[in-house]
Amino acid sequence: MLLTIRKQIRSHPALIPLFFFIGGGATMSLLYLARLGLRNPDVSWDRKNNPEPWNKLSPNYQYKFFAVNMDYSKLKKDRPDF
């Protein structure tokens, strides 16, 4: 497969940006999926020792990737401890 891609790039050099941007987009989407699987509080990989990891988060923990109008440092705890 890589041999075919190399042959296409040599015969059509205008395809180089296409391969570059498609490869970059695929890489960024895989990195984002890995981030969701590893950093999201809704995902539990260890069900025996920590079955509900979202209960251990403090109220000022920013788990969203980008928060537009929210300042997480000023939030107060408004839920009970379990």
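Start by selecting W45: with a relative accessibility of 68%, this tryptophan counts as exposed, because the cut-off for that label is over 50%. Keep in mind as you go that you are looking at a predicted model.

Is I16 buried, partly exposed or exposed? I16 has a relative accessible area of 44%, so the residue is partly exposed. While you are here, show I5 as well and draw a distance between the two C-alpha atoms. I16 and I5 lie 11 residues apart along the chain, and their C-alpha atoms are separated by 10.0 Å.

For the last stop, turn to the aromatic rings. How many aromatic pairs does a search of the whole structure find? The search finds 1. To see the pair, select F20 and F21: their ring centres are 5.4 Å apart and the ring planes meet at 75°, so the arrangement is edge-to-face. The cut-off behind that name is an angle of over 60 degrees.

Before you leave, colour both phenylalanines by accessibility. F20 is exposed, at 59% relative accessible area, and F21 is exposed too, at 60%.

How values were computed: Residues are numbered from 1 along each chain as its sequence is written. This is a predicted model: local features need pLDDT of at least 70, side-chain atom pairs count only at pLDDT 80 or more; totals for chains, interfaces and linings use all residues. Side-chain values use heavy atoms; hydrogens and water are left out. Buried means under 20% relative accessible area, exposed over 50%, partly exposed in between (1.4 Å probe, protein chains only). Rings of Phe, Tyr and Trp (its six-membered ring) pair if their centres lie within 6.5 Å; planes under 30 degrees apart count as stacked, over 60 as edge-to-face and the rest as tilted.
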